[in-house]
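This report covers selected side-chain contacts, nonpolar cores and strand pairing. The structure is shown below.

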Amino acid sequence: MSALLDEQRGLLEQLDKPRRAERAGRTFWCGHWFGHKVVLVLSKLGKVAAASTATTLIEAFDVKRIVFTGVAGGIGAGIKVGDVVVADQFIQHDMDCSPLFKRFEIPLYARSTLTCDETLSASLLEAARVGLVKASEHFLEEYLVEAPSLHKGLIASGDQFISSAAQADRLFKDLKAAGFDALAVEMEGAAVAQVCADYGVPFAAVRTISDRADDQAHVDFSAFVSQVASPYARAILQQFVKML
Ligand code: ADE
């Protein structure tokens, strides 16, 4: 699953005998990829869109595991544009039912974070390590000043494109004060993680850092997604699917 077409284009091009199915206002591409049965779908943006896409994947397409690939804004120290983050947990940064529940706690789940599947995430991390080297050799010279690094940690999701340094700083500090060290922000992962937790479906996610969630966040966003994040996603997921 990806949020945007550019994030998925590279994968779609390689799908063997693609079959198109329309459900819930989305196009699902079913086919084979390196010998595995896969379904590719765009979630659209935001938590509700992502949750409904994940539910449809599970209920209508009977998928046994879900991997999300896309871009995120870096908010943790040392997370720079071009880096890759594999999530080990997700939190909803806009969840706030205080004073009924602690800020960030998911009501009636008795927790704030949702944990990704350990085995899938370990494979994704290893695939990212290999894929990153390959992708950065071929595609990235003109886009990145420094060699990309790989991180594993908490990603915060919410229905906001974070586009000011002050907003990013406040979010980072509020999460930190509640005991959560977020590396990056995006708009879908925690919702998919929650649906997957509800159904007991293993979930993992990898995000390329497209911006620092600051006042420059929107600049060159589209070019970055198509020129860098898309080849990254393809290189990483090719490695990943061979490891399944
Ligand atoms: N995805 C990529 N960059 C983002 C940002 N700055 N805020 C939210 N989601 C993002």
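## Surroundings of Thr208

In this predicted model, Thr208 touches Gly70, Val71, Ala72, Gly82, Asp83, Val84, Phe224, Ala229 and Tyr232, leaving aside residues up to four places away in sequence. Thr208 lies in strand 9, which spans residues 203-211. Its relative accessible area is 4%, and because the limit for buried is under 20%, Thr208 counts as buried.

## Nonpolar cores

The largest nonpolar core has 36 residues, and the members that touch the most others are Met1, Leu57, Ile66, Phe68, Phe90, Val192 and Phe203. At least two residues of this core come from each of strand 2 (26-33), helix 2 (47-61), strand 4 (66-74), strand 5 (84-92), strand 8 (182-186), helix 5 (189-199) and strand 9. Helix 5 contributes the most, with six residues. In soluble globular proteins, nonpolar side chains tend to be buried together.

Not counting residues up to four places away in sequence, Leu57 is in contact with Met1, Phe28, Val39, Val41, Asp62, Val63 and Ile66.

## Pairing of strands 2 and 3

Strand 2 and strand 3 (residues 36-41) run antiparallel and are joined by six bridges. Cys30 has Val39 of strand 3 as its bridge partner; Val39 is also one of the contacts of Leu57. The hairpin formed by the two strands has two residues between them, and Phe34 there takes a positive phi near 50°.

Key:
Residues numbered from 1 in each chain as written. Predicted model: local features only at pLDDT ≥ 70, side-chain atom pairs only at ≥ 80, totals over all residues. Heavy atoms only, no water. Helix = DSSP H or I, 4+ residues; strand = E, 2+ residues; numbered from the N terminus. Buried < 20%, exposed > 50% of the residue type's maximum accessible area, 1.4 Å probe, protein only. Contact = heavy atoms within 4.5 Å. Core = buried A, V, L, I, M, F, W, Y, C linked by side-chain atoms within 4.5 Å. Pairing = 2+ DSSP bridges.
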